[in-house]
Amino acid sequence: MDDRVWLAALRATGTAELPHDIATAEARLAAASGAGRQLVPVDLPQGPGWAMTWRDDVAPELESAGSPGTPSANPVIVLAACLRACWTDSAAPLYPGGETTIEHVTQVVSALGVVQARRAVNRLLWWGYLTEDSGRGSVRLGPRVALWSEADIAYLRAEYDLLPRDRTE
Amino acid sequence: MSALFDSLPAARRLEVMSAVAAVEAALHPVPAREFRALAEPTLRPVVEQVLARSGRVLIEAGGGYLSGYADDVSAELVGLGIGVLPATQRAVLAMVLLLSVAVPRAEGRLALGDLWTRSRPVSPDMLGRESELAPGTIDSAMTALRVADLVKDVAGGVVPGPQFRRLTDAAVSHLFEELILLAEPQGDLALSIKRLRAMRAAGNREEQR
């Protein structure tokens with residue numbers, strides 16, 4: 001598969017397995033950079049992989065023209081609850097973190113007035129912020145979370161106590 | 001191909017990359033005035049060249065620009081099973097397109113330029129009446145299509161979502177041909193499409209010899 005088709009496939013699927021040889025890996029990294037992207041290591045169920053994000057110098061800024069838009073409140077609240085449930089030790093790395101159940105997250109966010117939490121979970125799964133163990137009703141943080149900068153994670157770490165959690169625990 | 005991009009000063013290269021990021025990430029068309037690389041006719045081809053590196057093309061839409069998959073690349077991805085919707089989602093989306101776009105277009109009430117902005121809303125009830133799919137199947141397919149921005153809710157039902165503005169002209173033509181084949185497979189237009197496709201396939205085989 002040539003680089004442009006490989007990059008198009010990565011856009012469509014969100015993640016790719018690491019190539020088996022270093023020469024191909026280097027070629028993919030260079031091709032991504034030429035297209036304004038960088039490849040970030042992520043953990044996939046089948047092993048180590050890559051997710052693709054913008055190079056730091058070209059990333060679209062939120063609320064500028066051409067930004068992807070701001071999500072509505074419910075997915076943000078549900079993601080916050082998932083972060084808290086999957087990232088139980090704020091001193092540890094955020095990603096890949098542990099897993100939680102959709103039932104638990106629904107319970108946490110319903111106390112904050114969020115109904116139809118499953119719909120928000122579906123959006124987060126589609127966007128790649130969560131991944132799901134199909135059939136088990138559990139979710140983990142997705143590859144898009146692995147793309148967050150150290151500065152973003154430091155901010156989250158500072159505000160860790162504000163992330164929604166089960167108050168009965 | 002990249003010589004043009006590489007010959008630009010660093011500041012211009014950054015402007016090109018910013019425009020690429022905008023048209024790739026935006027939900028709605030990006031006005032050309034917002035990015036110098038889109039507004040300037042000499043820089044726009046460079047944006048197209050950078051997009052091409054990842055199998056994408058620049059698309060004019062709604063007075064601005066978006067990006068989409070190049071036709072040959074989307075065909076290759078489909079061949080690999082990448083980005084293909086499950087059958088029930090495809091069926092529901094086909095019904096939405098048929099009722100909201102193809103029928104009003106055939107009746108002369110929807111201009112080609114207004115396909116994705118003035119389409120007729122389809123109510124879930126209408127979908128249930130016009131298809132053999134169970135209501136639960138339609139609901140779950142609709143949820144997935146909504147999340148993927150392939151349909152969107154408006155007053156009176158759903159219409160095709162913002163992703164349709166990322167289709168190339170060739171992809172839109174192909175889509176309409178498929179809808180004609182679906183709606184009236186033995187009609188004159190459908191038979192003409194089948195003849196044209198057979199001729200094209202024969203031409204391709206001839207070229208490969």
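These questions and answers show how some descriptions of this predicted model follow from computed values.

Q: Why is Phe5(B) called buried?
A: Buried means under 20% relative accessible area. Phe5(B) has 8% relative accessibility, so Phe5(B) counts as buried.

Q: Where does Phe5(B) lie?
A: Phe5(B) lies in helix α1 of chain B, which covers residues 3-6.

Q: What makes a residue a contact of Phe5(B), and which residues are in contact with Phe5(B)?
A: Contact means heavy atoms within 4.5 Å. Neighbours within four places in sequence are left aside here. That leaves Arg13(B), Val16(B), Met17(B), Val46(B), Gln49(B), Val50(B) and Arg53(B) in contact with Phe5(B).

Q: How far apart are the C-alpha atoms of Phe5(B) and Leu167(B)?
A: They are separated by 25 Å. Along the chain, Phe5(B) and Leu167(B) are 162 residues apart.

Q: Why is Asp2(A) called partly exposed?
A: Buried means under 20%, exposed means over 50%, and partly exposed is in between. Asp2(A) has a relative accessible area of 41%, so Asp2(A) is partly exposed.

Q: Where does Asp2(A) lie in chain A?
A: Asp2(A) lies in the segment before α1 (3-13) of chain A. The C-alpha atoms of Asp2(A) and Ser149(A) are separated by 29 Å. These two residues are 147 residues apart along the chain.

Q: Why are α6(B) and α8(B) called roughly perpendicular?
A: Angles of 65 to 115 degrees count as roughly perpendicular. Helix α6 (residues 87-106) and helix α8 (residues 135-147) of chain B pack at an angle of about 85°. Therefore α6(B) and α8(B) are roughly perpendicular to each other. Their axes are 9 Å apart.

Q: Which residues make the contact between α6(B) and α8(B)?
A: From α6(B) come Thr88(B), Gln89(B), Val92(B), Leu93(B) and Val96(B). From α8(B) come Thr137(B), Ile138(B), Ala141(B), Met142(B), Ala144(B) and Leu145(B).

Q: How many helices and strands are there in chain B?
A: Chain B has 10 helices and five strands. Its C-alpha atoms fill a box of roughly 60 × 50 × 35 Å along the principal axes.

Q: What percentage of the residues of chain B count as buried?
A: Of the 209 residues of chain B, 41% count as buried. The accessible surface of chain B comes to about 11,000 Å². Carbon and sulfur atoms account for 55% of that surface.

Q: How far apart are the mean positions of the positive and negative charges of chain B?
A: They are 2 Å apart, for 23 positive and 25 negative charges.

Note on methods. Residues are numbered from 1 along each chain as its sequence is written. Chains are lettered from A and ligands numbered from 1 in the order in which they are written. This is a predicted model: local features need pLDDT of at least 70, side-chain atom pairs count only at pLDDT 80 or more; totals for chains, interfaces and linings use all residues. Side-chain values use heavy atoms; hydrogens and water are left out. Helices (H or I, at least four residues) and strands (E, at least two) are DSSP runs, numbered from the N terminus. Buried means under 20% relative accessible area, exposed over 50%, partly exposed in between (1.4 Å probe, protein chains only). Accessible areas come from the Shrake-Rupley method with a 1.4 Å probe; for residues, only the protein chains shown count as cover. Lys and Arg count as positive and Asp and Glu as negative; His and the chain ends are not counted. The place of a charge is taken as NZ of Lys, CZ of Arg, CG of Asp or CD of Glu. Axes are lines fitted to C-alpha atoms, for helices over the stretch in contact, and angles run from 0 to 180 degrees between N-to-C directions. Angles under 35 degrees count as roughly parallel, over 145 as roughly antiparallel, 65 to 115 as roughly perpendicular and the rest as oblique.
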